[in-house]
Amino acid sequence: MSLALHTAFSGVLTSIPSPPVSYIDLGPLRIHFYALCIIAGIIAATLLTNHRLTKRGAEPWVVIDIAILAVPLAIIGARIFHVLTHPNFYFGEGKNTWNPFEPGSVWAIWEGGIAIFGALLGGAVGAYLGCRWTGIRFWTFADALAPGLLLAQAMGRFGNWFNHELFGLPTDLPWGLEIEPDNVAFPPGLAEGTLFHPTFLYEVIWNGLGVLFLLWIGRRLQLQWGKLFAVYLIWYSAGRVLWESIRIDPSEIILGLRSNVWASILGVVVGIVILFVQTRRHTGTEAGPYAPGRARKDVDADVVSQDSIDDFVDVSEPPVEVTAGATATSTAPASEDSSR
């Protein structure tokens, strides 16, 4: 089947083609579209998170300081999680496990193979360290990040489309995905031209709707203290349970379920626990985006209130220095009742 949009009659979609190329060569440099999708998602998430943190009163672009630690650790965590949940891809006789200059090594992240749940674990560690460094409350950052993170995941899924991977069960629906029969994940015994569920597209749509939902419910209910991030975990993980159930690419099976289904179920549970615990612990609104004793470092920053009423900045005019022989400009208090 040719990689083109086929129509039963004019204007009616009957299949989605897989892109004919997944990279471009610029001299000796090979640029993979998979990587470009991930980078575009990171940029979009950074811009949206910066906007949301700045509205909360944080120093503009403090998100960059946090991302310096969070993004690399997220990518490392994502790759490690994928490798550990797909050991047959990388370990065993005839596998190229460690040579980065040959296809199929554990280092070849450009070939695809990162797991969002690993990214969440690694990114959480990096974000925590970045928040300690900058003084931003961790849960404030998590809430600001939640819609942007879901947006980045939606954009990153197009990378799977370019890599011809992570498709679902065969289908005769008019939006079935075309996959070449020589694809390593093409199920044996199926006829050439078989179409598959475009699970990448399902996740793009689900995540895109999730971005709108998070932005809406965050404003509507004023979700803070990590509660919006908890809703993100529940939304994303619940959808992932469904999409994982129709995917047919090889995966570790644990008690009859794919490993990522179990990870998704755990994501829902963790989200519910965070929502319950933080709702019980924090009934009011956050005092500000900075932890007690920390504040913006830029010169023109406004004073941000903290948890304690004793944390304040004295912005009154400095006292006038009185020199010897000068006439007093004020009188002493008349009684002790007027002193403080």
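In what pattern do helices and strands follow one another when the chain is read along the sequence? In this predicted model, for which local features need pLDDT of at least 70 and side-chain atom pairs count only at pLDDT 80 or more, totals for chains, interfaces and linings use all residues. Residues are numbered from 1 along each chain as its sequence is written, and side-chain values use heavy atoms, with hydrogens and water left out. The order of elements is β-β-α-α-α-α-α-β-β-α-α-β-β-α, which comprises eight helices and six strands; helices (H or I, at least four residues) and strands (E, at least two) are DSSP runs, numbered from the N terminus.

Of the 340 residues in the chain, 42% count as buried, where buried means under 20% relative accessible area, exposed over 50% and partly exposed in between, with a 1.4 Å probe and protein chains only. The chain exposes about 19500 Å², of which carbon and sulfur atoms supply 66%; accessible areas come from the Shrake-Rupley method with a 1.4 Å probe, and for residues only the protein chains shown count as cover. Among contacts (heavy atoms within 4.5 Å) between residues at least 6 apart in sequence, 68% join residues at least 24 apart.

Nine salt bridges are counted, a salt bridge being a side-chain nitrogen of Lys or Arg within 4 Å of a carboxyl oxygen of Asp or Glu. One of them joins Arg 157 to Glu 203, with the closest N and O atoms 3.1 Å apart. This pair links distant parts of the chain, since Arg 157 belongs to helix α5 and Glu 203, 46 residues apart from it, to helix α6 (residues 199-221). Arg 157 counts as buried because its relative accessibility is 11%, and Glu 203 counts as buried because its relative accessibility is 3%.

Glu 244 takes part in two of the pairs described here, with Arg 240 and with Arg 258. The salt bridge between Arg 240 and Glu 244 has an N to O distance of 2.9 Å, and both residues lie in helix α7 (residues 227-246), four residues apart, about one turn of the helix. Both partners in this pair, Arg 240 and Glu 244, are buried. The side chains of Arg 258 and Glu 244 likewise meet at 2.9 Å, N to O. That pair links distant parts of the chain, with Arg 258 in strand β6 (residues 257-258) and Glu 244 in helix α7, 14 residues apart; Arg 258 is also buried. Arg 157, Glu 203, Arg 240, Glu 244, Arg 247, Asp 249 and Arg 258 are linked in a network of salt bridges.

Asp 143, found in helix α5 (residues 138-162), is buried yet has no salt bridge, and the nearest side chain of opposite charge, that of Arg 56, is 6.3 Å away. For this assignment Lys and Arg count as positive and Asp and Glu as negative, whereas His and the chain ends are not counted. A polar atom of the Asp 143 side chain lies 3.2 Å from the backbone nitrogen of Trp 225. Beyond its neighbours within four places in sequence, Asp 143 is in contact with residues including Arg 52, Leu 223, Trp 225, Lys 227 and Glu 286.

Trp 225 is placed in the loop between α6 and α7 and counts as buried because its relative accessible area is 12%. Its phi is near 60°, a positive value in a residue other than glycine. Leu 166, in the loop between α5 and β3 (177-178), has a positive phi of about 60° although it is not a glycine.

The C-alpha atoms of Ser 264 and Leu 233 are 8.9 Å apart in space, although the two residues are 31 residues apart in sequence.

Terms used: A polar contact is a pair of N or O atoms within 3.5 Å; within protein, one must be able to donate a hydrogen and the other to accept it, and residues adjacent in sequence count only if both atoms are side-chain atoms.
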